[in-house]
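Take a look at the structure shown here. Then use this briefing to find your way around it.

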Amino acid sequence: MKLSALFVFILILNGCATTYREGYHESGMASWYGPDFHGKKTANGETYDMYGQTAAHRTLPFGTRLRVTDRETGRDIEVRVNDRGPFISGRILDLSYGAAESLGTLGRGVAEVKIEIIEMGVA
């Protein structure tokens, strides 16, 4: 009985895990962050440059390159994951100020986006 319960538990955990790979995509809300963090360390140890083309994601490996598409305008940019976040429920990505400016979402503050992995970073 114990062995079968363990097997079911492992199957459930395996089914809940997200396996990232090139081509993986998801949609949701993205926001941006800038001046309050400019010059401070990011989660991967880099110094945050608010004018760069970077992003924060909760779980993607650092260095992962993403295509971010604004679902309203169709405009897209490429960013590199170098930080963790967003820390607001319902958001999937925090863009640097520069990335949000390039995407055209600065004035809106948040935007519905699609993100797609172009190249995986190192876990």
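Ile77 lies in strand S4. Strands are DSSP runs of E, at least two residues long, numbered from the N terminus. This is a predicted model: local features need pLDDT of at least 70, side-chain atom pairs count only at pLDDT 80 or more, and totals for chains, interfaces and linings use all residues. Residues are numbered from 1 along each chain as its sequence is written, and side-chain values use heavy atoms, with hydrogens and water left out.

- Is Ile77 buried or exposed? Ile77 counts as buried because its relative accessibility is 10%. Buried means under 20% relative accessible area, exposed over 50%, and partly exposed in between (1.4 Å probe, protein chains only).
- Beyond its neighbours within four places in sequence, Ile77 is in contact with Gln53, Leu66, Arg67, Val68, Ala99, Ser102 and Leu103. Contact means heavy atoms within 4.5 Å.
- Ile77 and Gly104 are 27 residues apart in sequence, and their C-alpha atoms are 10.0 Å apart in space.

**The barrel**

- Strands of a sheet pair through backbone hydrogen bonds, either parallel or antiparallel. Here, two strands pair if DSSP finds at least two bridges between them.
- Six strands form a closed barrel in the order S1-S5-S2-S4-S3-S6, with mixed pairing.
- Strand S2 (residues 54-56) pairs with strand S4 (residues 76-83) in the parallel sense, over three bridges. Ala55 has Val81 in S4 as its bridge partner.

- Side chains alternate along S3 (residues 65-70). Leu66, Val68 and Asp70 point to one face and are buried.
- S3 pairs with S4 in the antiparallel sense, over five bridges. Leu66 stands opposite Val79 in S4.
- The hairpin of S3 and S4 has five residues between the strands. In this hairpin, Gly74 takes a positive phi near 80°.
- S3 also pairs with strand S6 (residues 111-119), antiparallel and over six bridges. Arg65 stands opposite Glu119 in S6.

How values were computed:
Helices (H or I, at least four residues) and strands (E, at least two) are DSSP runs, numbered from the N terminus.
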